[in-house]
Amino acid sequence: MYCMLNRAKIPPADDHRKQTMDGPSQILPTTGENRALVDNVHPGGWVNPEPATCYNLVVIGAGTAGLVCAAGAASLGAKVALIERHLLGGDCLNYGCVPSKGIIRSARAVRDARRGAEFGFSCGERAEADFASAMARMQRIRAGLSPHDSARRFRDELGVDVFFGTGTFTGADTIAVQGKSLRFKRAAICTGARAAPPPFPGSGEAGYLTNETVFSLTSLPRRLAVIGSGPIGCELAQTFARFGSQVTILERGSHILPREDRDAADILKSAFIRDGVRLALDTKTVSVARKGDEKVISAEHSGKGIEIVVDEILVGVGRAPNMDGLGLEAAGIAFDPQQGVKVDDMLRTSNPRVYAAGDICFPYKFTHSADALARIVIANALFMGRQKSSALVIPWCTYTDPEVAHVGLYEQEARDRGIGVTTLTVPLTDVDRAVLDGETEGFARVHLKKGSDHILGSTIVARHAGEMISEMTLAMTSGLGLSAIGRTIHPYPTQAEALKKLADAYNRTRLTPFVSKALASWLRLMRG
Ligand SMILES: Cc1cc2nc3c(=O)[nH]c(=O)nc-3n(C[C@H](O)[C@H](O)[C@H](O)COP(=O)(O)OP(=O)(O)OC[C@H]3O[C@@H](n4cnc5c(N)ncnc54)[C@H](O)[C@@H]3O)c2cc1C
């Protein structure tokens, strides 16, 4: 399906192919755009520099966390080395956020075109998706974003020593890469995570897609099984269904997006059903097998065995920390095989010279949290800072249609911590802009500490919930209550008015019978 012969060449003068556990990842197919991407993030003929005598900071891994560590430290005057065994930009640029959001946008356009009649235009009977063009658009955009993460930019503009190869600790303050030894005062492990091999038998022989291969597809699978209904599974399932694949999600639990509020997930479930996604809930994948060109999934549903026959399987669950080849023992760095490198609240490992940031050490595996942690590492590792990762307020968003965004505590979490909660919800049917846009599926919800306007958490389900959640995050980060959002003038008509309406709803809860009576008496008095 994705063309194995057409691969953008990644320079061979490297040992990472032998050392990565699951073999080299590829940027396929060999289009001009993908060549341009690789030329930026792993240029051919790159010569590793001669190491400095000692570095202020050596960063292993050049995904978001590593790039932010390296760029931030170098711009403050530190002597920095950055080691990457594969592609600068890591998952986000090459195999994650960027390609997924690129094709999500195309799929959303297809869906909008199909709704043409509702908005007063005709687009033929049914807008036809062109998968290959959508993938080509994504590749063009990804390549266009890549100069920012490029090896040349880091070397020439930021003064960072960029090494390609696997970084391996050889002692408490030394790291080897491609036969060279780098001595450091501080190091940052930013090696990220990758798709874990699926636990069910047969997957190796049958073959399956992960985030490292799905964006290389050149033709649309007619039937696609998506294992797992977390954010990655949900985003790609809906996207491929909109492109025209017959998609089945297999989920062990009884609802999709298991982490989110049930009613939020239910809204998405209805959207999925409308998009033609089949949901196999309470379904445990037992094994997979190849039969000719087809893949047969054996699963258990309510105690009964079922079979699902597809052309491709996308594994959307399970991430494993990238620790292979790191030599953590040589530097006395404690780790957990599942959770990754162990850090304290200030992101320091058990070796006081070594810190970690990003997916390798943190449960909230997002680009924006990797960025935030990297900034903490710079402050704590180089400038004797005492910043704590536990102080971060981290929002997240699943970029389905509608999007599901969240920040802070869920209601049950707050109750489990013994905090009294008042929950307020405004449906988007009450928000004029959502009505005008035909985007009323969703709601804005806030959890307040009982008896106050202190925001504990918020969930927003809306077409652009990811944009709207930042207002709640700002309030929480700055210690502003919901009343501050109520005092803020929101342009009319916008969907963000839903948040102001939450504040209005809060104000109404303060209108006790006594206050109502007092106000009514005053007004009666004014009438004379
Ligand atoms: C499909 C998908 C969609 C996503 N969408 C979003 C989204 O919309 N928003 C969001 O916030 N997050 C999203 N994420 C998550 C996001 O991509 C990650 O949280 C983020 O990339 C983590 O950055 P990182 O720097 O910790 O690790 P990575 O990006 O994984 O980078 C680690 C780097 O270290 C290198 N490396 C590993 N070991 C070594 C070694 N020993 N020596 C040298 N180099 C090494 C690797 O090659 C890699 O380049 C998505 C993820 C996926 C899979």
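**Charges and a ligand in a predicted model**

Tutor: In this predicted model, glutamate 260 is buried but has no salt bridge, and arginine 259, the nearest side chain of opposite charge, is 5.5 Å away.

Student: Where is glutamate 260 found?

Tutor: Glutamate 260 sits in the loop between strand E9 (246–250) and helix H11 (262–275).

Student: And what does the side chain of glutamate 260 make a polar contact with?

Tutor: The side chain of tryptophan 396, at 3.0 Å.

Student: How many salt bridges does a search of the whole structure find?

Tutor: The search gives 25. One of them joins the side chains of arginine 242 and aspartate 401, 3.1 Å from N to O. Arginine 242 is in helix H10 (residues 231–243) and aspartate 401 is in the loop between strand E19 (396–398) and strand E20 (403–408), so this pair ties together parts 159 residues apart in sequence.

Student: Is arginine 242 buried or exposed?

Tutor: Buried, because its relative accessible area is 4%, under the 20% cut-off. Aspartate 401 is buried as well, at 8%.

Student: Which arginine is 2.9 Å from aspartate 401, closest N to O, in a salt bridge?

Tutor: Arginine 463. That pair also links distant parts of the chain, 62 residues apart, with arginine 463 in the loop between strand E23 (455–462) and helix H15 (465–477). Both aspartate 401 and arginine 463 are buried.

Student: Which residues are linked in the network of salt bridges?

Tutor: The network links Asp112, Arg242, Asp275, Asp401, Glu439 and Arg463.

Student: What about glutamate 157, buried or exposed?

Tutor: Glutamate 157 counts as exposed because its relative accessibility is 62%, and the cut-off is over 50%. It forms a salt bridge with arginine 153, with the closest N and O atoms 3.7 Å apart. Both residues lie in helix H8 (residues 151–157), four residues apart, or about one turn of the helix.

Student: Now the ligand. Which of the 39 residues around it come nearest?

Tutor: Glu84, Asp91, Lys101, Asp359 and Thr367. A polar side-chain atom of glutamate 84 is 2.6 Å from an oxygen atom of the ligand. A backbone N or O atom of threonine 64 lies 3.1 Å from a ligand oxygen. The protein covers 93% of the 1000 Å² of accessible area that the ligand has on its own.

Student: How do the shell residues divide into nonpolar, polar and charged?

Tutor: There are 15 nonpolar, 17 polar and seven charged residues. Elements that each supply at least two residues of the shell include helix H3 (64–75), strand E2 (80–84) and helix H12 (367–382).

Notes. Residues are numbered from 1 along each chain as its sequence is written. This is a predicted model: local features need pLDDT of at least 70, side-chain atom pairs count only at pLDDT 80 or more; totals for chains, interfaces and linings use all residues. Side-chain values use heavy atoms; hydrogens and water are left out. A residue is near a molecule or strand if one of its heavy atoms lies within 4 Å of it. A polar contact is a pair of N or O atoms within 3.5 Å; within protein, one must be able to donate a hydrogen and the other to accept it, and residues adjacent in sequence count only if both atoms are side-chain atoms. Accessible areas come from the Shrake-Rupley method with a 1.4 Å probe; for residues, only the protein chains shown count as cover. Ala, Val, Leu, Ile, Met, Phe, Trp, Tyr, Cys and Pro count as nonpolar, Asp, Glu, Lys and Arg as charged, and the others, Gly among them, as polar. Buried means under 20% relative accessible area, exposed over 50%, partly exposed in between (1.4 Å probe, protein chains only). Lys and Arg count as positive and Asp and Glu as negative; His and the chain ends are not counted. A salt bridge is a side-chain nitrogen of Lys or Arg within 4 Å of a carboxyl oxygen of Asp or Glu.
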